[in-house]
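Biologist: I would like to go through the labels used for this model and hear the grounds for each. Please set the values against the cut-offs.

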Amino acid sequence: MEIWKLRGLIHFFITVFLSSFAFCVVAPAITDVTMSALCPGRDQCSLAIYLSGFQQAIMGLGSLVMMPVLGNLSDKYGRKALLTIPVTLPIIPLAILAYSRDTPYFYAYFVLKTLTGLVSEGGIISLGHAYMADNIGEQRRAPAFGILSGVLSAALLSGTLTARFLSTAKTFQVATIASIIGAGYMRIFLKESVADTADDVERPILKADEDSPITKLPKLHSIPSVGGVLRLFQSSTTFAQAAVVAFFCSLDFGGLQASLLYFLKARFHYSQTQYADLMLILAVSMIISQLLLLPAMASIIREERLLSIGLLMGFVHVFVYSISWSAWVPYASATFGIFSAFTFPCLRSIVSKQVLPNAQGMAQGCISGVESFGQIISPLIFSPLTAWFLSEDAPFDYPGFSLLCVGFTMMIAFIVSTMIRPPPPAST
């Protein structure tokens, strides 16, 4: 690994950590807050499931449109300038719940969270991968992206561990403060990063591979056209396959968001403490994977195969959730995260190698847009399915059936991933 370059990214890692910490510290508490505001004293609430799914779908729709736009703008105006948007906007809804969790304030939070999420959801991850691609060579991107994912996992670990010992009110206050510090730190210390491009010439954005020659696209504008984005997908088989994998992975991730916490609440009466314990186990597994295991394995196994391994173990991970027969089983299932955590760093690395430096932001933004499309569809499918199978009207006794269906999306992504072939060595 290019250690000196990673040291130069320390301010970037701190910015990502603080912003992600603010999100992760409230994650164990938000389900209980939602249930208390909408269905006080109950462990099963269809309204909470449907509202959460609706919010997730709307924010996914916003990300579908905005991520390619933000990515392309960052290619022109710089990563730091555009990172300001997803880093600062989440402060507003967090501050509302830091003040009060009563029902009127919850609805105010819900509306503002949905509106700000239209622009900011997924922005840190998308622009963060483009920022790292600007600073890390191709051959080291898979382990480097793994380190970025490790930082995100460290934020998950720190956030859930902190939430384990805080009251609900203090949890949102800490999250708000962390978000403000992260935004201020980024503006003061983070250095700008942008590819050196010329606006007055046509330039290729896709690398040549065995499937197609280098494709020249028209001059990149601030807002990419639909046709330009579609040509980006059509011009590289590998890029298109990676987009399909990203779509089905996002269906899986979105399905877990829409289903898992409410399933555990209804099935085993989980609360903020149990959610925090579960996320701690998952975070530790992901940190071990992304900071230790992935860098070591990336040197001996191609990232395409590591991606397939991660997807297969991701299916096993979700399948075990679906058949949980005791409150301890989800804890055991979370340990599979040590392998499923390979997925996103390897996928993003594969994508970054398909385009030239002047289009990293657009490429990563397009993949984030595809993932957002999955985030739109996923809650529309799995939220009603979860509510149905947790109710007394379920057609058969399988409370985790929606999670089983979520797992099948990961299996489809695994099958597609086996078709991805490594690119040929880059020519001089």
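Modeller: The protein has 18 helices and two strands. The model is a predicted one. Buried residues make up 57% of the 428 residues, and the accessible surface comes to about 17100 Å², with 68% of that belonging to carbon and sulfur atoms.

Biologist: What about Leu292: buried or exposed?

Modeller: Leu292 also lies in helix H12, residues 272-298. Its relative accessibility is 60%, and exposed means over 50%, so Leu292 counts as exposed. Together with Val284, Ile288 and Leu291, Leu292 forms a nonpolar patch on the surface, the four having about 330 Å² of accessible area together.

Biologist: What makes Asp32 and Lys265 a salt bridge?

Modeller: The N to O distance between their side chains is 2.9 Å. The cut-off is 4 Å, so the pair of Asp32 and Lys265 qualifies as a salt bridge. Asp32 is in helix H2 (residues 10-38) and Lys265 in helix H11, 233 residues apart, and the pair links distant parts of the chain. Asp32, at a relative accessible area of 15%, is buried, and Lys265, at 10%, is buried as well.

Biologist: How many salt bridges does a search of the whole structure find?

Modeller: Four. One of them joins Arg164 to Asp277, with the closest N and O atoms 2.6 Å apart. Arg164 lies in helix H8 (residues 141-164) and Asp277 in helix H12, so this pair ties together parts 113 residues apart in sequence.

Biologist: Why is Arg164 called partly exposed?

Modeller: Its relative accessibility is 30%. Buried would need a value under 20% and exposed one over 50%, so Arg164 counts as partly exposed. Asp277, with 22%, is partly exposed too.

Biologist: What makes Arg348 and Glu371 a salt bridge?

Modeller: Their closest N and O atoms are 3.0 Å apart, which is within the 4 Å limit. Arg348 lies in helix H16 (residues 343-352) and Glu371 in helix H17, so the pair ties together parts 23 residues apart in sequence. Arg348 is buried at 2%, and Glu371 is buried at 14%.

Biologist: How do you know that H17 and H18 are roughly antiparallel?

Modeller: The axes of helix H17 (residues 360-390) and H18 cross at roughly 150° and come within 8 Å. Angles over 145 degrees count as roughly antiparallel, and H17 and H18 are therefore roughly antiparallel to each other. The contact is made by Phe382, Leu385, Thr386 and Phe389 of H17 and by Phe401, Ser402, Cys405, Val406 and Thr409 of H18.

Biologist: And why is H5 called roughly antiparallel to H6?

Modeller: Helix H5 (residues 91-99) and helix H6 (residues 103-120) pack at about 170°, their axes 8 Å apart. The threshold is 145 degrees, so H5 is roughly antiparallel to H6. Residues making the contact include Ile92, Pro93 and Ile96 of H5 and Tyr105, Phe106 and Ala108 of H6.

Biologist: What makes His269 exposed?

Modeller: Its relative accessibility is 53%. Exposed means over 50%, so His269 counts as exposed. His269 lies in the loop between helix H11 and H12, and has a positive phi of about 60° although it is not a glycine.

Notes:
Residues are numbered from 1 along each chain as its sequence is written. This is a predicted model: local features need pLDDT of at least 70, side-chain atom pairs count only at pLDDT 80 or more; totals for chains, interfaces and linings use all residues. Side-chain values use heavy atoms; hydrogens and water are left out. Patches are made of residues with over 30% relative accessible area and no salt bridge: like charges are joined within 9 Å, nonpolar side chains (Val, Leu, Ile, Met, Phe, Trp, Tyr) within 5 Å. Accessible areas come from the Shrake-Rupley method with a 1.4 Å probe; for residues, only the protein chains shown count as cover. Helices (H or I, at least four residues) and strands (E, at least two) are DSSP runs, numbered from the N terminus. Buried means under 20% relative accessible area, exposed over 50%, partly exposed in between (1.4 Å probe, protein chains only). Axes are lines fitted to C-alpha atoms, for helices over the stretch in contact, and angles run from 0 to 180 degrees between N-to-C directions. Angles under 35 degrees count as roughly parallel, over 145 as roughly antiparallel, 65 to 115 as roughly perpendicular and the rest as oblique. Contact means heavy atoms within 4.5 Å.
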